[in-house]
Protein chains: 2
Amino acid sequence: MKADNFDERIRNLFEPRSVAIIGASREHSKIGYAVLKNILSGGYRGAIYPINPSGGEIEGIPVRRSIQEVDDEIDLAIITIPARFVFDSIQELCRVKVKNAIIISAGFSEIGNLEEERKITDYANEHGVRILGPNVFGIYSSASALNATFVAGDIPRGHLAMITQSGALGLTLVGQAAVERIGISAMVSVGNKSDIDESDLLAYLQGHDDTHVILLYIEGVRNGEKFIDALKTTSRVKPVVIIKSGRSQRGAMAAASHTGSLAGSDDLFDAIARQCGALRAESTKEAFNWCKFITCNPFPRGESTVIITNGGGAGVMATDACEKYAVPLYDDAQDLKQTFTPVIPTIGSAKNPVDVTGGATPANYNKAFDAALQSDPIDTIIGIYCENATFTADHLKTMVETNVERFRQNGKLLLFSLLGGEETDGYLVEARRRGVPVGDDVYDVVSTLGAVYRYCRYRNDAPDEDADATMDFAAIDKIVAQAVAAKRYFLLAHEAQKIMAIADITVPKSMNAPTLEAAMKAAESIGYPVVMKVISKDIIHKSDAGGIALDLVNSKEVVDAYEAIMRNCRKHVPHAVIEGVSLSEMVQPGVEMIIGARRDAIFGPTIMAGLGGIYVEVMKDVAFRALPLDRKEIQTMLKEVRSYPLLLGVRGEGMKDMDKLVDAIIKVGAIVRKCKGITDIEINPLVVYEKGMGAKAVDVRILLAKG
Amino acid sequence: MKADNFDERIRNLFEPRSVAIIGASREHSKIGYAVLKNILSGGYRGAIYPINPSGGEIEGIPVRRSIQEVDDEIDLAIITIPARFVFDSIQELCRVKVKNAIIISAGFSEIGNLEEERKITDYANEHGVRILGPNVFGIYSSASALNATFVAGDIPRGHLAMITQSGALGLTLVGQAAVERIGISAMVSVGNKSDIDESDLLAYLQGHDDTHVILLYIEGVRNGEKFIDALKTTSRVKPVVIIKSGRSQRGAMAAASHTGSLAGSDDLFDAIARQCGALRAESTKEAFNWCKFITCNPFPRGESTVIITNGGGAGVMATDACEKYAVPLYDDAQDLKQTFTPVIPTIGSAKNPVDVTGGATPANYNKAFDAALQSDPIDTIIGIYCENATFTADHLKTMVETNVERFRQNGKLLLFSLLGGEETDGYLVEARRRGVPVGDDVYDVVSTLGAVYRYCRYRNDAPDEDADATMDFAAIDKIVAQAVAAKRYFLLAHEAQKIMAIADITVPKSMNAPTLEAAMKAAESIGYPVVMKVISKDIIHKSDAGGIALDLVNSKEVVDAYEAIMRNCRKHVPHAVIEGVSLSEMVQPGVEMIIGARRDAIFGPTIMAGLGGIYVEVMKDVAFRALPLDRKEIQTMLKEVRSYPLLLGVRGEGMKDMDKLVDAIIKVGAIVRKCKGITDIEINPLVVYEKGMGAKAVDVRILLAKG
């Protein structure tokens with residue numbers, strides 16, 4: 001399950017046997033002091049070497065004047081000196097062969113000083129040293145009890161690992177984790193990501209037993225293919241919760257100006273996160289709710305969910321929330337009735353939401369929970385409690401916690417939404433801190449459950465083999481090479497059609513005819529009806545020049561059309577050199593789809609599919625994925641398209657030829673993956689016919705890589 | 001500004017000079033005790049008459065054995081006796097001419113006992129008594145210091161009025177208001193709404209000076225037209241925040257089974273709420289955030305917003321949130337640079353979000369806030385603070401509160417999002433309770449700002465006159481009457497076309513021809529190209545029978561087509577009686593829209609417009625409104641349609657004939673409003689051409705009211 005590109009030195013970053021603090025200081029206001037102090041008070045068990053030219057002692061530890069004075073292998077060096085001294089320091093660290101260096105110092109690419117940053121990282125990498133940073137607050141690792149950060153206060157040990165691209169936000173995340181009483185297993189600030197990035201860290205954390213969930217705050221991704229790989233393999237083992245800002249166009253601008261990294265298209269990022277099993281939260285609050293739940297609770301055994309409430313209105317709100325977050329409500333009316341009618345008051349409701357009524361006592365709730373516990377088809381209960389005079393705070397606590405525990409022991413899940421005033425709120429705050437699955441809003445609780453279900457769905461759904469297509473890729477490369485040799489960075493229509501032929505994707509039959517006689521022969525060979533278009537480099541707007549004739553049904557109409565086109569074109573563009581006409585079959589109507597594969601600058605080969613036609617950009621009804629992907633995932637992608645029902649057949653139409661559509665997606669994807677000279681293939685429309693009747697790529701645009 | 005249907009007796013409900021408690025009790029566990037106790041301890045200044053056949057005294061007040069013993073006018077009677085005794089009690093109350101009765105007792109329509117409820121309410125209404133309830137927890141009104149509820153604990157006085165349909169949720173709302181330290185001006189539980197409903201209460205509350213904002217929890221609406229009217233007029237005076245559960249299909253089912261009221265189509269409700277200036281919140285938490293802000297802060301003077309942050313990542317998240325909640329960010333780059341560059345650190349950013357950098361001190365923040373305060377174009381600042389060692393809790397408090405106050409004094413708005421650990425969190429909780437505009441998540445803060453802006457937009461945007469159309473409605477009624485006389489509840493194509501002619505909405509030219517000769521004449525008169533279709537009651541699927549010929553361009557083609565159609569149809573449906581053929585003009589392509597007007601069972605006349613064509617239900621690209629509406633609102637509605645750009649003209653096409661489209665919407669709306677016999681008119685497609693070229697109603701379906 002370990003990512004292929006796992007570097008043992010990343011383990012060394014989290015579990016160093018020795019650390020040096022470059023710029024260790026005895027001045028309490030300095031970062032060089034704070035880091036050393038944290039390492040000491042955190043209980044790190046390895047060797048600690050403070051380095052400072054002034055020598056002496058700090059906190060009872062002797063200070064070396066330079067790294068050369070250390071008579072030991074240094075696994076990790078932490079650099080806290082000003083930016084202008086960092087390169088010199090890195091050169092020295094390379095000489096003594098440290099394994100990793102963390103550059104806490106700021107003043108590099110984040111303020112435009114990319115050159116210095118590159119120089120440092122390139123030098124370090126060439127000498128076998130890996131760099132975390134610059135512009136970070138350090139690393140905390142429970143595996144070696146190492147708190148090599150300047151974060152004030154103790155970091156409580158636990159099961160949440162955090163990776164953050166923003167230092168300031170990272171520090172608030174630590175603070176919020178403390179407020180929420182969420183223990184930390186590891187925390188790394190990646191800053192400018194000049195070398196080590198979140199993918200490297202995920203590769204380590206996926207094998208780190210103490211880490212049960214990983215929270216990732218990112219603004220942009222540099223190496224998307226590596227990131228996708230790390231995310232996919234990590235999500236197989238444990239959940240990764242992502243907060244990615246820059247959702248909006250404006251937010252993406254702000255992110256780009258802040259970190260110098262590209263935020264990329266958010267739709268694409270969103271689709272890829274889902275494809276990789278990652279859980280993307282909207283806000284830090286939502287992310288913490290999810291992480292907290294995951295660190296304190298087992299995964300659910302199934303998704304069949306029942307709401308039990310003492311307030312009808314709150315039950316309805318929970319139902320709305322379940323739809324929003326795709327939490328499936330158990331709805332076997334017969335079984336629900338049998339299960340709950342005997343245990344709820346007569347004026348209650350045994351439908352889902354089950355209403356134990358406003359007068360429900362703890363005993364009423366307990367009976368309903370008992371029934372749910374004993375019902376085999378029910379996996380999860382959302383318990384809703386609206387504050388009620390029949391309950392004391394003690395009743396509430398006992399009712400909540402006894403039942404949560406009983407459900408847990410039986411492999412089932414019980415979560416609570418507690419709505420009320422001071423008393424309920426007081427219990428809620430205290431219970432949350434102890435990890436009891438309670439929330440103060442039905443939406444929060446259901447959002448958490450939805451995220452956990454989504455994750456389990458990913459993990460339980462073993463991936464199929466990646467869909468792939470074989471074809472004569474070399475022949476495609478040859479066509480591309482010829483175009484590039486002619487300094488063209490796009491393919492002409494006939495070249496694109498040749499590639500479609502190689503990929504065995506059907507295009508409308510088409511032939512060129514230099515003369516009327518040839519045109520008549522071509523029409524016969526294609527079969528009526530046909531479309532005729534003038535061929536001339538001098539006529540850009542064929543329609544305006546009267547250079548197009550549609551729906552020609554017999555040879556007489558071909559003759560008439562040919563003469564009319566020649567007459568029209570000569571009149572409209574007198575100087576035009578006319579090479580002849582093209583004839584092609586009239587494409588019969590079907591469902592118009594678009595398929596677009598492109599080599600994304602960040603994420604590598606990606607694919608888009610959706611509703612095609614000339615209004616693609618208006619309708620924006622498309623879905624994205626990173627390549628490669630399996631057939632099941634292609635189906636999932638198509639289902640995300642709003643007009644998916646058109647493919648199933650609406651208004652009495654039959655099912656469309658889904659196989660051919662999926663094949664075309666796989667083939668187009670394979671070409672972009674294998675033929676590096678091609679950056680973009682877009683088929684629009686791909687007209688898809690009834691099942692078994694195939695699909696036709698009416699228009700194909702292929703763009704080539706420059707240089 | 002008072003709703004036309006305001007009933008002075010509703011004022012009496014909130015401001016009674018005397019109250020009687022039917023079923024007053026000295027047993028502390030009884031509702032009849034709790035209500036009396038609350039009235040006494042709430043400081044009600046009017047006369048109080050506990051009624052109980054056992055007589056005696058409760059809490060020092062003499063108890064009358066029956067209402068007849070009271071020698072005073074009773075403004076309000078509160079009934080707490082079991083359901084089976086309520087009708088008798090109501091009869092007595094009618095005899096002594098009480099003005100209003102609140103039936104707290106449950107056991108009526110909410111458990112299926114609709115008959116008894118109707119009997120009681122009908123009787124009361126006939127005798128001039130209005131009913132609140134049954135199945136409610138009572139009323140609290142600050143105007144008369146009346147707490148006639150069984151809610152435990154004091155209700156803190158303030159400026160939020162709450163109306164709730166769900167008792168249990170209503171009680172939790174009171175509790176949550178207490179936790180949030182939001183004072184209450186009025187609170188009413190409407191329960192089964194057998195008589196008095198939220199519209200009646202809004203009519204009173206809009207004139208109640210102490211009420212600054214109204215929070216409405218509803219599950220379903222009974223009289224939609226009255227509700228729309230009340231909502232519109234109230235929103236002109238003060239904001240109405242709505243929580244309506246039953247958003248999801250499943251939630252709507254749950255709501256219907258719970259309250260016996262219809263939840264209606266949520267899309268329609270959502271559109272109507274927006275149209276009426278109401279602020280619909282998703283969750284109770286969101287609603288309270290909005291209400292809290294509104295009760296504690298003035299409305300903003302404008303919408304030009306700048307984010308000032310010490311954390312770049314948090315700034316980007318706030319930017320995302322601003323896009324989500326339609327908060328416009330000020331983006332005059334030149335002016336932003338001039339304003340902020342002099343006052344922020346050199347490594348900061350003077351773009352919006354303005355980044356004062358992670359090391360920012362209180363002084364740095366103050367300087368940036370000063371600059372924003374002095375900048376004329378900036379109306380609002382979202383201040384973001386990520387916990388930072390340079391700040392103590394006192395610094396934070398001073399920085400936040402001094403600046404909030406200075407902004408307020410200058411007619412500007414400053415809100416804070418405070419992200420951090422224990423210390424920040426501690427201040428946050430305390431400051432929120434005091435009404436300082438601070439939140440712990442950027443999304444919450446921006447959602448609040450978005451809601452306030454939305455409300456101000458509604459209030460500042462004076463409504464135009466309702467668009468109306470004049471036409472010969474009597475002629476339409478006559479066509480309808482004829483169809484109804486023939487026991488038909490839909491109009492035939494030619495009848496619908498007659499109505500289009502009366503409304504002056506263009507339809508494709510069309511004529512019927514019993515013979516070939518007539519067909520040829522008709523084609524000439526319509527103008528080529530034409531479409532020919534067989535007319536026969538026996539041929540349902542004209543296409544399948546070969547009964548349709550498209551694109552006939554001359555008389556020869558008309559002859560050929562006529563003969564072919566006759567031949568095909570006779571062959572396919574040998575027994576068919578063929579009445580002739582219809583000829584109609586070939587409709588040229590344009591933007592296909594749908595317009596649907598219907599008399600909604602709940603909301604009365606409503607209108608829908610959007611992308612038309614045969615895949616309307618797949619694309620679901622439509623917007624809704626209640627009728628009547630002004631031209632501006634029609635434009636707003638059209639802009640909500642995703643494919644709106646098609647009307648503006650994309651891909652080099654010109655602007656479409658928006659005037660004709662809007663006219664058609666107004667006309668269709670006017671017909672449904674005026675002609676009560678018609679329940680539905682649907683034009684699909686209405687093909688809209690370039691500006692000045694009109695629109696054509698290709699297919700028109702009209703349904704009639706039954707009985």
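Mentor: Bear in mind that this is a predicted model. In chain A there is an open sheet of 7 strands, with mixed pairing, whose order is E9-E8-E11-E10-E12-E13-E14.

Trainee: Which strands of chain A stand at the edges of this sheet?
Mentor: Those are strand E9 (146-149) and strand E14 (279-281) of chain A; each has a single partner strand, so one side of each is left without a neighbour in the sheet. On average, neighbouring strands of this sheet are turned by 20 degrees against each other, direction ignored.

Trainee: In what sense do E10 and E12 of chain A pair?
Mentor: Strand E10 (residues 157-164) and strand E12 (residues 213-218) of chain A pair in the parallel sense, over 5 bridges, and in this pairing A:Thr164 stands opposite A:Tyr217 of E12(A).

Trainee: Turning to chain B, how should I read the two faces of a strand such as E18(B)?
Mentor: The general idea is that in a regular strand the side chains alternate between the two faces of the sheet. In E18(B), one side carries B:Leu413, B:Leu415, B:Ser417 and B:Leu419, the other carries B:Leu414, B:Phe416 and B:Leu418, and all of these are buried, so that both faces are covered. With 7 of the 7 residues of strand E18 (residues 413-419) of chain B buried, that is, under 20% relative accessible area, the strand is largely enclosed by the rest of the structure.

Trainee: Which strands does E18(B) pair with, and how does the chain pass between them?
Mentor: Strand E17 (residues 380-386) of chain B pairs with E18(B) in the parallel sense over 7 bridges, with B:Ile382 standing opposite B:Leu415 in E18(B). From E17(B) the chain crosses to E18(B) through helix H14 (residues 393-409) of chain B, in a right-handed β-α-β crossover. E18(B) also pairs in the parallel sense with strand E19 (residues 438-439) of chain B, over 2 bridges, where B:Gly439 in E19(B) is the bridge partner of B:Ser417. The chain goes from E18(B) to E19(B) through helix H15 (residues 422-433) of chain B, and this β-α-β crossover is right-handed.

Key
Residues numbered from 1 in each chain as written. Chains lettered and ligands numbered in written order. Predicted model: local features only at pLDDT ≥ 70, side-chain atom pairs only at ≥ 80, totals over all residues. Heavy atoms only, no water. Buried < 20%, exposed > 50% of the residue type's maximum accessible area, 1.4 Å probe, protein only. Helix = DSSP H or I, 4+ residues; strand = E, 2+ residues; numbered from the N terminus. Pairing = 2+ DSSP bridges. Right-handed = clockwise from strand over helix to strand, strands pointing away. Axes fitted to C-alpha atoms, helices over the stretch in contact; angles between N-to-C directions.
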